Amino acid sequence: MSRRVLLATFSHENDLLNAVAAVRERGIKIVDAYTPYAVHGLERAMGLKHSRLTWVCFICGMVGALGMLAFEHWTAAIAWPINVGGKPWNSLPSDVPVAFEAAVLLAGFGSVFALFAVSRLFPGKSADVIHPNSSDDRFVLVMDESNASFDTASVEAMLKSFDVVETEERILSGAGQS
Amino acid sequence: MPQVQVAIITHREAIMSETSSLRPPLVTGNKSLTDVTNDICAPMERRPNGLWWIAFLISLSLLILGIVAVWYQIVTGIGTWGLNKTIGWGFDITNFVFWVGIGHAGTLISAVLFLFRQKWRTAVNRSAEAMTLFAVMCAGIFPLIHMGRTWLAYWMLPYPNTRGSLWVNFKSPLLWDVFAISTYLLISAVFWYVGLIPDLATVRDRAKPGLRKKVFSFFSLGWNGSVRTWNRYETVYMLLAGLATPLVFSVHTIVSMDFATSVIPGWHTTIFPPYFVAGAIFSGLAMVLTLMIIARKVMNLENYVTPTHIERMSLLMLSMGCIVGLAYGTEFFMAAYSGNPYEQFVFKNRALGPMSWAYWTMVSCNVFVPQLLWFKFVRRCLPLVFVIAILVNVGMWFERFVIIVSSLHRDFLPSSWSSYIPSLVEIATFVGSFGLFFTCFLLFCRIAPAIAIAEVKGAASLPKQDDQRSVNVESAA
Amino acid sequence: MFSLSRRRFLEAAGFAVTMAAAQGCRREQPENALPYVVAPEGITPGKSQSYATTCSGCPAGCGVLASVRDGRPLKMEGLPEHPLSRGGLCAVGQALPLSLYDSHRLKNPLKEGEKTDWETADQEIAKSLDQIREKKGSVRLLTSTVTSPTLQQSIDAFLETFDDGRQITLDAMSSSSILAAHELTHGIHLLPHYDFSKAEVIVSFGADFLGTWISPVEFTAAWSSRRVPTPDHPSMSYHAQLEGRMSLTGGNADHRIRLAPDEYGATLVHLKKQLARKTGTGIATEELPTSPLPNDELDDLVSRLWAARGASLVVCDSQDVSVQTQVNAINELLGNYGKTVDLAQPSFQRQGDDRALIELMEDLKAGKISALFVAGTDLTHSFPNRKVLESAIEKIDLVVSLAEREDDFASLAHWVCPDHHSLESWLDAEPVAGLINLYQPLVRPLGDTRSILESLASWSGQKETAYNLLRKNWQQNIFPRAKDKPASFRTFWDQTLHDGFTEATSEEVAGEFDPAGITPPNSESRSEYCLELYQKIAFPDARHAHNPWLQELPDPTSKVTWDNYVCVSTTMAKTSGIGTGDVVQIASSDGAVQLELPANVQPGQHDRVISVALAYGVKGTERFAKIGPQWLEARPTVAQGEQVGKNAAPFIAVRNGVVDYLRSDVQITKTGSRRQLATTQQHHSLEVPKHVAPHGAEMREPIQETTLAEFSDDPSSGKPHLHHHEGGELWPDDHKPANHEWGMVIDLNACTGCSSCLIACQSENNVPVAGKDEVQRQREMHWIRIDRYFTGEGDDVDVTHQPMMCQHCDNAPCETVCPVLATVHSEEGLNEQAYNRCVGTRYCANNCPYKVRRFNWFDYPQPGELETLVLNPDVTVRSRGVMEKCSMCVQRINEGKIEAQRLGQSVLDGQIQTACQQSCPSQAITFGDLQNSESEVSVAMKSPRRYGVLEEFNFRPSVSYLRMVRNRESDATGSGGDHHTQGGDHE
Amino acid sequence: MYRYIFNIVLIVGLFFSLAVFVSGMGNWRLPDNNQGYAPKQPIGYSHRLHAGELQIDCRFCHTGATQSQHAGIPSTDVCMKCHRHVTASFNTMSEFRRLEDEIKKAESNQAGGAEGTDETEESAGEPAVDLDELKKQLAVMEIPSPELKKLYDSLKLKDSKDPIVESASSSIPWVRVHNLPDYVYFDHRAHVNAGVSCQKCHGPVESMERVRQFETLSMGWCVNCHRDATKNGINGQHVHASTDCSACHY
């Protein structure tokens, strides 16, 4: 499915932020925005939901910690109990450090791989770069034109007031997914 | 300015932008966003200069020396080191703890300062993370090669086996180390790489079609700067920072437990975990300072690494030096107060015994010398800060040496008291680890953006080109 | 395109080949197993058999139980039933297997240094001998002490074929003055048999009877039998040692007085005078010079000796005959003859006859000798003047050496007719009249060597095997003497062969004391220095210098290996600025003899006495240059062209008809160069250095001691006042021992520090030799060490010895820290070390409070293929990078358990013995099952003297020690000092 | 075209590698695992025949099993206990007997024939040829099997089993099948006397023509058996099979 979009390019994050607010006020659907760095407040301005990756991280961490604790207990006290320095079979304090490390390792890798999976990032993927300078100094706002009420001219005029550098109409193939 | 803007700028950032006019700017020299990109990418896009080549060749030859020494040691035996029946660890574990300690500052700067929203970290966090990575690599080598049978190092991992299954000893601090160091290395690598992805994309977009573009395309994972990805990315980055912070504390706590859980007087002490963490941060800061002062000169990054950064780091180093000094004093107090004669002897022996030279080198470098940083002119004098940082590095190496060797050389039974002289192979291995570190670091400067481009841009709150003049007037005022 | 594809094709094909190959290379070379063709009767492959035989290390004649496995003698153990050694065996005896498997032993006879065969040798020697017989030439056979009746008979028979054939006996260290003195005072030329087990008071003048003097194992066993005070019988013998150098015996004495050897005479005269006054006899009334000993000391000795009349013993190691006559007089006055000094059944353990030797030297000088045979002794290290020998040899028609190795003399000889190693040959020995031991061959000779019995028989003109000669002599001469009148010779022979020895009647020798024989010692004016040559405990005889185990055995007193050195007192060191490791030159005043050796500052040494060990600088020890690991910084054990240590024998003097090991005409000067000694211990005191000593804890307390006086009052006296945590454990104790709980108790009062256990352990457990450089780097590999501490100030020090090995702690610090479970605890209370699991982090060694773990820094291969035969097949040979330590001889424990199971029995107490325990001459080590409350070790654990080293840390060691008790009134002497009163606040 | 051909070659190559790899997977095993090792022995000795068919007890030859840590490989003279008398297989012997009988018969026939009438002359030629042939067959027939010859060679015996005086005997170089690493101490005594059957570790040797390593002999295999023995006993007998390191490693 392809759709018509309007690209507005800005040179400063504040322009983009202001424009986003104005565009959303007008009820125009924003497809996405592309910025060279993480512009603070943009996600809220665009009304994006808070990421649920924190839960992934938490669950992975718990699995790591509890799994490792269980494994340590099993190896030392159940699978083959061996007398080490007269310590009791089940010596919880000595199990803590490794369990902690396992938690951190799993949580870290879990959340990073979840990020890659959710954002479809993988090695060798060819990026659909929206603007040659979007990773340098240009902030690009992509608006959905398919709505019948979309008035390109008036939008462009409005954007002008936010110091838009250029605007461009484009047909986007695919679902407009970032 | 339209009203909307005020509404969307968070309270915190309002403060930041307010204070930024009061504080010296993080990026000087009226840089635009493109300037930032250009400046940072420049070292990796142009041919290396002579200075780089000289540094690289020196590092490489040291690395080769180290490789030869390690090879010789592995095929001949640990006997090629100066250890003996009493002193089972010397340079090896000293170097290990030293390098781990160096590594910690990287994580501290990058993760802890990130969590505390210290924007000035952006100038140095990338190289600090790289430093962590390379330092942990150097550190990891020592526990590996210190084993009598290095080729069986995988026995440390709890994998199912045909021995019935014979697992590993989870009660051993050395095993905790295995997990701590490998976790630390992996998480540091991931943290570093995740931070690098947007910058790799920037380099990719700048590159002309060819091998370079292909490589950067491959490693930038198809990054396109979508705000949705940025949103998740920021979350994960914060999570990683949140994980790395306790990790860095746990790693050096566990390293200190190698000693603290033993029975050897001078090792067996509860103060070690905080003492070691403080020491690690201290040595790490010194190393970051050393590298930054060199890097800003060599790589023309004076506008990004400003004297303000150096001064803040110096203050941090001073405070850490004081904590470490307090720890040294506390050890003596605890020994005296405990009434344990073995403990008392070890500390008296440290200060007055045959290894007192090492002890006083350590105290001078770590406690006395950093006191100079109370003076602002010292903090702002880069050569002086550089010298102090080097001395702190030396002192922190000696701290580990003193703890390990001076505690071992005279323990319980006087019949086994002994002394330790490092062998040539040991020294070459130590030197080689520096070779590895600098070779990696120099290569890193050449192949990846040494400063986090996206983060600098995000944190520097660069004014709109049109507003430049007014800002400059403000900062000048 | 084409090339690319071709490459890909090759890649693909290569992959296939590699995969196929990878599956092919799985197995190593097949290993062959060669069974017997015809299995010998009574031998089961893999099982060791013990045979009783006799030790050939020295003429003391200790009984040996040699275990033979698959045709290889592997381990020498003491023969428990033997009346002299009582199951003990010294380091030298333990080390015999290694000298058996010595690739440097001669494998065939030599003619002028060239290989030849026995037929040629016999023919040509016989021809020369016939010529000598014709011209009535003089034949001399030089031997070390011959205790063998059969060999003596062969020698006599051989020498009888000549008109002038004489045997001359030359000991490694002569005691001929004792024999000569008895000739003067008792009219019989012999060595009495001393019985230390009957002596309540022992006064020794320089006699190192626990170390090297005459029969040390026997004397140690006897001496220690009187040194075990119990709460019920708090008594033990009193032992005073007056000596110049610090000997092992001196270190074990209750009271040690520093007295230069040239003052023994003067002191003995005073002692004799005072005792004579007590008896009321008037044998000594002459005017005396002042005593070198203070009067109170002298009075104390006199009163103690007098109180123990008939149960006292005065011995002296002086080569001055007049001094020895004084000793005889004192023993006579005390009524010791017939009690502690046995003349009726004398000892044959030292028969060196110095007068004959001096005559020989004259004859050699005069060129009167036609043939010279040398057997069982390395002349260079005991012959007073080698130059005489060297110049004389050219004038001798026939020079034959029967040495096992090409020693210094053998290289001068025309013929070398190598004797068997004692483990390859039949022989007998009568060390003490009435006790006859047998030697039996335990292995087929490894080289083409021949027993001395056969060689002599062949040269006497009757070829006969050693076995037949021995049996014949036994049938004719020994069998009639047999004590319990066995039914037939065959039963007698079989029983003796089984037992290893037999007791026989002997000619009663009666000697009447004749005061006229007492000669006053000449009271020479004291010289500036007094050089004393002595024997080292590791190898009293140069024949053993080829044994690397013994070379690396730390001297019990100095802890030095791989070298000899000049011992000087701390006072002399201070005044002349000599430090340990400084090379000093000692030279005779005429400058004829010079020697440069490193100095060793020895606490306890007399200020004027400098002492040097003999039997160093032995030809052939050049071979040790490359012993031990070879690497970048390795320093050779001996420098190019040098030997281990230097030969001090040129200082041996001939004086007043005896070979004397004392010299007053010497000078000592510092050369300025240094040579590091290889010591296994660097800190020699229990005191921590003063400037780093915490207040109230100036002393470490691994060794606890008390005095007999205090012990009688309170058997647990000497216990430091420690804050020992007696409460419950922090953790639940999950580890109840299974069927056994092995434990060990070491009695510090019995342990003399003789170090025989070190070699026992080395031999049993395949402990490698590390070499001098590694010892200097503090990397010796011994599993058991003997910590030796000097306590006290200056030169009047007390010596303590403490055997230290893995303590098998129940709460072992080493186990907790091993990441790979290579060292864990067994359910029988042992601290196990699985070599094959060890990855070599050395963390366990660091965390061991006793520092008993040894790391394989390198591979330590055996020097040759033959030498690998000495390895015990029951113990893994450890590879590089692996930690090792005392296993409490777990291979013996397993063998004992399995054998008991096979026989359907339970393991009996005493059935399993560790190697160190088995051979201990003083039986200081007890080992057994702590779960068996009846076992010897459990009983010892209940002793009030028991303590554990570093017990206060709750490591719960399985090895305990029994507190040392010195027979003293109070702590006034020495320094045992006030140290037990100042127990710090240990936690 | 080239590309096409080489792609085919490539695919075939890869397929081949894969095939080799997969076929190898079946006997893939960890390093040092010699399960199934069945080396060729210097003498084609059949355990199946001796232990299986003839039901000779293992300990008859491996005498050390109850007394020593090594079960031991029998010395040549142990083989000779029987093979002094048993020199060939039953089939060979019956063939031998048959030939002998035939010759005897033929000889008697011949003798009878010579004495007999001329009637038989026609057929007399035939048995005569037969007799020579039979004798030749008998002469080349090896009564001691070639394998037993090796036994005699080891002892340096003639076929008549008299020793060859001038030459020394030599061991038979058997190839070790069950070879534990040097750091493992396995004691046959302890196991056999505790009632562990030989087959428990060595497998059904009595059915093996050539002995092969039946079990993995890995440490885990040992330890699991020890655990099982401690838990369930051996033949109903309670035993304590230690799993301490020092039970096997010292």
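Me: In this predicted model, how many residues of chain B are in contact with chain A?

Reply: Let's start where these two chains meet. Two residues are in contact if their C-beta atoms lie within 7 Å. On the chain A side, 66 residues take part, and the number for chain B is 62.

Me: Which element gives the largest share of the side of chain B that touches chain A?

Reply: Several helices of chain B give two or more residues to this side, among them α1 (3-8), α3 (33-45), α7 (173-206) and α9 (227-260). By type, the residues on this side of chain B divide into 32 nonpolar, 21 polar and 9 charged. The largest share is 16 residues, and it comes from α9(B).

Me: Between which chains are the most contacts found?

Reply: In this model, 5 pairs of chains touch.

Me: What covers the buried residues of α3(A)?

Reply: Helix α3 of chain A spans residues 53-79, and its buried residues include L53(A), V56(A), C57(A), C60(A) and G61(A). Further along α3(A), M68(A), E72(A) and A76(A) are also among the buried ones. The cover draws on two chains, as it includes α4 (92-118) of chain A together with α9 of chain B.

Me: Which element gives the most to the side of chain B that touches chain C?

Reply: Here 51 residues of chain B are in contact with 54 residues of chain C. Helices α7, α12 (341-352) and α16 (424-447) of chain B each supply at least two residues of this side. The residues on this side of chain B divide into 25 nonpolar, 21 polar and 5 charged. With 6 residues, the element that gives the most is α12(B).

Me: How many helices does chain B have?

Reply: Chain B has 477 residues, and buried ones make up 60% of them. Take its contacts between residues at least 6 apart in sequence: 83% of these join residues at least 24 apart. Chain B has 0 strands, while its helices number 18.

Me: Is L316(B) buried or exposed?

Reply: L316(B) has its place in helix α11 (residues 307-338) of chain B. Its C-alpha atom is separated by 8.2 Å from that of F282(B), 34 residues apart along the chain. A residue needs 20 or more other C-beta atoms within 10 Å to count as buried. L316(B) has 20 such neighbours, so L316(B) is buried.

Me: Why do the buried residues of α12(C) line one face of the helix?

Reply: Helix α12 of chain C runs over residues 354-366, and its buried residues are D354(C), L357(C), L360(C) and L364(C). A handy rule is that an α-helix has 3.6 residues a turn, so residues three or four places apart point the same way. On the other side of α12(C), E362(C) and A366(C) are exposed. Seen down the axis of α12(C), the buried residues line one face because they fall within an arc of 110 degrees.

Me: In β16(C), what is the bridge partner of L372(C)?

Reply: Strand β16 of chain C covers residues 398-401, where L398(C) and V400(C) point one way, V399(C) and S401(C) the other way, and all are buried. β15(C) and β16(C) pair in the parallel sense over 4 bridges. In β16(C), the bridge partner of L372(C) is V399(C).

Me: Which strands stand at the edges of the open sheet in chain A?

Reply: The sheet has 4 strands in the order β2-β3-β1-β4, with antiparallel pairing. Its twist averages 20 degrees from one strand to the next. Helix α1 (residues 13-25) of chain A packs on this sheet, touching β1, β2 and β3. Two strands have a single partner each, so one side of each is left without a neighbour in the sheet: β2 (30-34) and β4 (166-172) of chain A.

Key. Residues numbered from 1 in each chain as written. Chains lettered and ligands numbered in written order. Predicted model: local features only at pLDDT ≥ 70, side-chain atom pairs only at ≥ 80, totals over all residues. Nonpolar A, V, L, I, M, F, W, Y, C, P; charged D, E, K, R; others polar. Expected span 1.5 Å × (residues − 1). Buried ≥ 20, exposed ≤ 12 C-beta atoms within 10 Å, placed from the backbone. Arc of directions from axis to C-beta. Pairing = 2+ DSSP bridges. Axes fitted to C-alpha atoms, helices over the stretch in contact; angles between N-to-C directions.
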